[in-house]
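Below is a short note for a colleague who has not seen this model before. Please read the points with the structure open.

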Amino acid sequence: MERLAAKPQSVDSQILSRIRGRGRGAVLVPGDFLDLGSREAIDLVLHRLAKKAVIRRLARGVYDFPKEHPVLGLLTPPAEEVAKALAGRDHTRLLPGGAYAANVLGLSEQVPAKVVFLTDGPSRLVRVGPMTIQLKRTTPRNMAAAGRLSGLVIQALREIGKDHVTRARVDHLKRTLPADKRQELRDDIQLAPVWMHPIIRELSEEGE
């Protein structure tokens with residue numbers, strides 16, 4: 001007796017399986033599923049899953065598979081995860097910019113309401129709850145240190161400004177920057193404004 005061929009999974013079940021595989025907290029955009037069906041079909045499935053509260057619509061074309069805290073309820077995903085999803089799957093690079101970079105490095109306690117990421121892809125603005133996330137297209141020079149410690153440090157120092165880089169802030173970076181990443185600071189010093197060079201040299205020497 002011939003064995004019947006397995007019935008292929010529906011687009012709905014394939015998308016749901018992929019979402020569950022990503023795990024709670026994952027941020028999703030239609031482009032994550034275009035290998036499974038047409039854009040129209042993907043949009044319909046995501047709309048249905050959001051209506052059933054399986055996923056949550058954060059903004060137009062942006063969803064998450066929400067994490068729930070026993071006391072706080074549904075959690076807002078980190079800005080960086082939303083930015084990565086917005087950047088898409090076309091090898092676009094991201095670099096935390098401005099006040100967000102300073103906050104990540106602990107140089108500022110202020111959590112910006114508008115989180116800016118520099119990118120070599122298209123600019124985009126999206127509001128997620130009380131937070132606004134901006135992808136801002138910038139120059140190849142600014143993006144040369146994307147994904148590296150040096151890029152984060154340069155953007156944070158630029159935000160703070162030359163006159164406000166205090167001894168306490170430099171000492172904080174000397175204590176907290178990972179020693180195994182200090183070489184990146186030396187390698188990328190030419191990407192920083194001249195006024196940052198003495199600071200970057202001092203930070204890089206601490207890892208030796």
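Does Ala53 count as buried or exposed? At 63% relative accessibility, Ala53 counts as exposed, where exposed stands for over 50% relative accessible area, buried for under 20%, and partly exposed for anything in between, with a 1.4 Å probe and protein chains only.

1. Basis of the note. This is a predicted model, in which local features need pLDDT of at least 70 and side-chain atom pairs count only at pLDDT 80 or more, while totals for chains, interfaces and linings use all residues. Residues are numbered from 1 along each chain as its sequence is written, and side-chain values use heavy atoms, with hydrogens and water left out.

2. Ala53. The exposed residue Ala53 sits in the loop between H2 and E2. Helices (H or I, at least four residues) and strands (E, at least two) are DSSP runs, numbered from the N terminus. Ala53 is not a glycine, yet has a positive phi of about 65 degrees.

3. The three-stranded sheet. Three strands make an open sheet in the order E1-E3-E2, and the pairing is antiparallel. Strand E1 (27–28) and strand E2 (56–59) are at the edges with a single partner strand each, so one side of each has no neighbour in the sheet. Strands count as paired if DSSP finds at least two bridges between them. Between E2 and strand E3 (residues 62–64) there are three bridges, in the antiparallel sense. Ala59 is placed opposite Val62 of E3.

4. Helices H1 and H2. Two packed helices are described by the angle between their axes and the distance between the axes. Helix H1 (residues 11–22) packs on helix H2 (residues 39–51) at about 65 degrees, and their axes are 10 Å apart. Axes are lines fitted to C-alpha atoms, for helices over the stretch in contact, and angles run from 0 to 180 degrees between N-to-C directions. On the H1 side the contact (heavy atoms within 4.5 Å) is made by Val11, Asp12, Ile15, Leu16 and Ile19, and on the H2 side by Ile42, Val45, Leu46, Arg48 and Leu49. These contact residues comprise eight nonpolar, no polar and two charged. Here Ala, Val, Leu, Ile, Met, Phe, Trp, Tyr, Cys and Pro count as nonpolar, Asp, Glu, Lys and Arg as charged, and the others, Gly among them, as polar.

5. E6 pairs with strand E7 (residues 114–119) over three bridges in the antiparallel sense, and Leu94 has Thr119 as its bridge partner in E7.

6. The hairpin of E8 and E9. Strand E8 (residues 124–128) and strand E9 (residues 131–137) are joined by five bridges in the antiparallel sense. Leu125 stands opposite Gln134 in E9. Two residues lie between the strands of this hairpin, and Gly129 has a positive phi near 60 degrees. Thr132 belongs to E9 and is buried, with a relative accessible area of 14%. Leaving out residues up to four places away in sequence, Thr132 touches Ala113, Lys114, Val115, Leu125, Val126 and Arg127.

7. The cores. A nonpolar core is a set of buried Ala, Val, Leu, Ile, Met, Phe, Trp, Tyr and Cys residues joined through side-chain atoms within 4.5 Å. The largest one holds 24 residues, and Leu105, Val153, Leu177 and Leu203 have the most contacts inside it. Two or more residues come from each of helix H4 (98–104), helix H6 (149–160), helix H7 (167–176) and helix H9 (197–205). H6 contributes the most, with seven residues. A second, separate core has 20 residues, including Val62, Ala85, Val128 and Ile133.

8. Helices H7 and H9. The axes of H7 and H9 come within 9 Å and cross at roughly 35 degrees. Arg167, Val170, Leu173 and Lys174 of H7 meet Ile199, Glu202 and Leu203 of H9. Of these contact residues, four are nonpolar, none polar and three charged.
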